[in-house]
Amino acid sequence: MKHFSDLYRELDQTTSTNNKVAAMCRYFRTSSDSDAAWALYFLSGRRIKRLVSAAYLRQWLIDASELPAWLVEETYANIGDLAETAALLSDTCGNNSFLMDQSLSEWMSNEIMVLRDENPEQQRKRIQLWWNGLDYDTCFLVNKLLTGGLRVGVSQLLVARAITEYTEIPRDIILHRLMGQWEPNEEFYQSLIAPDDGSADHTRPYPFCLASPLDQQLNGKEFYQLLGDANNWHIEWKWNGIRAQLIRRNNECFIWTRGEELVTDRYPEIRQAAAYLDDGIVMDGEILAWSEDEGVMEFSMLQRRIGRKIVGRKLLKEVPVCFMAFDLIEFDGIDYRQQKTSERRAILEQIIVNQSNVIKISPLLETKQWQQAALYRQQSKAKRVEGLMLKHVDAKYQTGRKRGQWWKWKIEPYTIDAVMLYAQLGHGRRANLYTDYTFAVWKNDELVTFAKAYSGLNNEEIIQLDKWIRQNTTDRFGPVRSLKPVQVFELAFEGISYSKRHKSGVAVRFPRISRWRHDLSAKDADSIEDVHMLMQI
């Protein structure tokens with residue numbers, strides 16, 4: 001564990017990409033396969049399920065520290081991170097050689113994962129032993145693993161780059177092997193770094209190709225001057241659904257979301273329609289709530305099915321779905337990612353032509369001029385889509401975001417001026433700053449909560465607002481501060497719909513702060529009627 005703790009500290013203390021890759025390479029070269037597997041698991045952003053409630057941990061920390069409960073709670077409120085609070089208040093002397101000498105994999109199997117089968121009293125004794133027997137850095141890391149809050153400043157692309165430099169296996173192969181569900185054990189790690197023999201787990205998706213946002217102006221020029229002839233681009237709608245890969249291999253169907261979640265059973269109509277596909281096909285597309293009479297439905301309709309592992313007949317009827325395919329990744333068992341967009345599209349059209357209404361192909365919009373594309377874009381809200389996708393006809397299906405090959409030309413977001421009512425401490429590097437905010441709009445003479453947002457301000461604004469929050473708190477509810485209703489912000493969001501779950505009666509999608517309205521007072525903020533009007537645009 002000390003070895004992994006040293007790696008975590010080294011990654012946390014540098015912003016250099018090369019230094020991070022070098023640190024990971026050193027770790028993998030000097031670690032056992034079982035330790036490397038667990039390290040990969042955490043470095044790639046995966047987490048174990050929380051094994052102990054935060055309430056228990058806070059009470060045990062009060063008992064172990066022998067400090068007044070109010071002082072521990074106040075310390076936690078100021079630090080904003082339970083793992084760090086426990087490490088700071090514990091007697092971290094690091095003198096328990098049995099704990100300190102165990103490897104990462106031994107820690108996971110002998111200490112952390114056994115908590116699942118223990119009662120609270122057994123858990124308390126074990127965890128308090130950690131707090132008293134580890135040094136600060138190791139205690140902090142163990143606490144992060146325990147609470148599920150470990151965040152490492154590396155992307156999966158960077159992790160794959162380190163493995164590639166260590167093994168000389170191409171990064172695309174490493175990324176593909178890291179996709180999907182896998183167990184952090186010695187067998188997996190050995191299969192990850194094994195020479196490529198052309199075989200792969202038939203359930204595994206490919207890394208997704210991502211688009212870059214297209215602004216109206218790039219480098220001071222109109223974007224169509226930089227993109228060149230519109231005939232060199234495939235232009236289609238940017239659908240408002242769930243990005244997914246539909247896999248048909250070994251006479252089985254698998255549906256993976258971009259978040260690497262296997263959701264096959266949640267969309268039985270897509271699984272049944274895919275049974276008629278030939279083997280060895282992987283398509284990229286979007287799961288949409290779809291009515292044959294109206295076309296794509298509001299995203300709020302699709303949300304009714306997102307969290308359902310078992311879908312009843314009533315919901316299947318009320319929220320039918322389709323898979324809108326827009327790219328071909330694998331055909332006849334062969335990886336087609338290196339083929340041109342135009343070639344992949346031609347094969348995709350042959351595959352989809354005889355399929356049911358559940359599996360569709362995203363239509364190409366006929367245009368030879370960028371001005372015509374702009375007119376299509378203006379129709380986006382009426383068609384319940386997010387804008388346009390632009391894909392160069394010669395583009396390969398890249399891993400991640402490669403600027404210049406795929407562009408997303410989204411419509412302008414909805415905006416509303418809202419009053420900040422509540423604030424909460426952030427996470428990670430912002431655990432000591434109030435960066436999570438709740439906003440409200442007027443309903444008659446009352447402010448009703450409308451949305452939460454935690455992005456959009458720069459560092460200077462965050463520090464300035466944090467100081468104001470601390471000086472203008474009117475009440476506290478656990479980690480949440482109630483504030484004087486003074487500050488007004490312009491919020492931007494991608495979608496809006498009616499909702500019975502929210503006090504305001506509406507729900508918004510992807511809210512973020514677009515600017516701090518110093519020029520407005522609270523009485524100038526928008527009303528719920530203004531929000532309702534946006535839904536009619």
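# Exercises on strands, helices and charged pairs

Asp 417 stands opposite Glu 490 in β21. The model is predicted: local features need pLDDT of at least 70, side-chain atom pairs count only at pLDDT 80 or more, and totals for chains, interfaces and linings use all residues. Residues are numbered from 1 along each chain as its sequence is written, and side-chain values use heavy atoms, with hydrogens and water left out.

**Exercise 1. Determine which strands β16 is joined to by bridges, and in which sense they run.**

Step 1. Strands (E, at least two residues) and helices (H or I, at least four residues) are DSSP runs, numbered from the N terminus. Two strands pair if DSSP finds at least two bridges between them.

Step 2. Take the partners in turn. β16 is joined to strand β21 (residues 488-493) by six bridges, and the two run antiparallel. Six bridges also link β16 with strand β17 (residues 434-443), again antiparallel; here Met 420 has Phe 439 of β17 as its bridge partner. Strand β20 (residues 480-483) is antiparallel to β16 as well, with three bridges, and Gln 424 has Val 480 of β20 as its bridge partner.

Step 3. Buried means under 20% relative accessible area, exposed over 50%, and partly exposed in between (1.4 Å probe, protein chains only). Nine of the 12 residues of β16 are buried, so the strand is largely enclosed by the rest of the structure.

**Exercise 2. Are Arg 126 and Glu 111, which form a salt bridge, buried, partly exposed or exposed?**

Step 1. Describe the pair. The side chains of Arg 126 and Glu 111 meet in a salt bridge (2.9 Å, N to O). Arg 126 is in helix α9 (residues 120-133) and Glu 111 in helix α8 (residues 104-112), so parts 15 residues apart in sequence are tied together.

Step 2. Classify each residue. With a relative accessible area of 21%, Arg 126 is partly exposed. Glu 111 counts as buried, because its relative accessibility is 5%.

**Exercise 3. Determine how β6 and β7 are arranged.**

Step 1. Find the pairing. Strand β6 (residues 242-249) is joined to β7 by six bridges, and the two run antiparallel. Gln 245 stands opposite Trp 256 in β7.

Step 2. Find the connection. β6 and β7 form a hairpin with two residues between them. In the turn, Asn 250 has a positive phi of about 50°.

Step 3. Consider burial. Five of the six residues of β7 are buried, so the strand is largely enclosed by the rest of the structure.

Step 4. Move on to the loop between β7 (252-257) and α15 (268-274), where Arg 266 is found. The side chains of Arg 266 and Glu 261 meet in a salt bridge (2.8 Å, N to O).

**Exercise 4. Check the span of helix α10 and describe its cover.**

Step 1. Calculate the span. The expected span of a helix is 1.5 Å times one less than its number of residues. For the 12 residues of α10 (residues 136-147) this gives 16 Å, and the end C-alpha atoms are 16 Å apart, which agrees.

Step 2. Examine the cover. α10 is mostly covered, with 10 of its 12 residues buried; among them are Phe 140, Leu 141 and Val 142.

Step 3. Inspect what follows. Gly 148 comes after α10 and has a positive phi, near 75°.

Definitions and conventions: A salt bridge is a side-chain nitrogen of Lys or Arg within 4 Å of a carboxyl oxygen of Asp or Glu.
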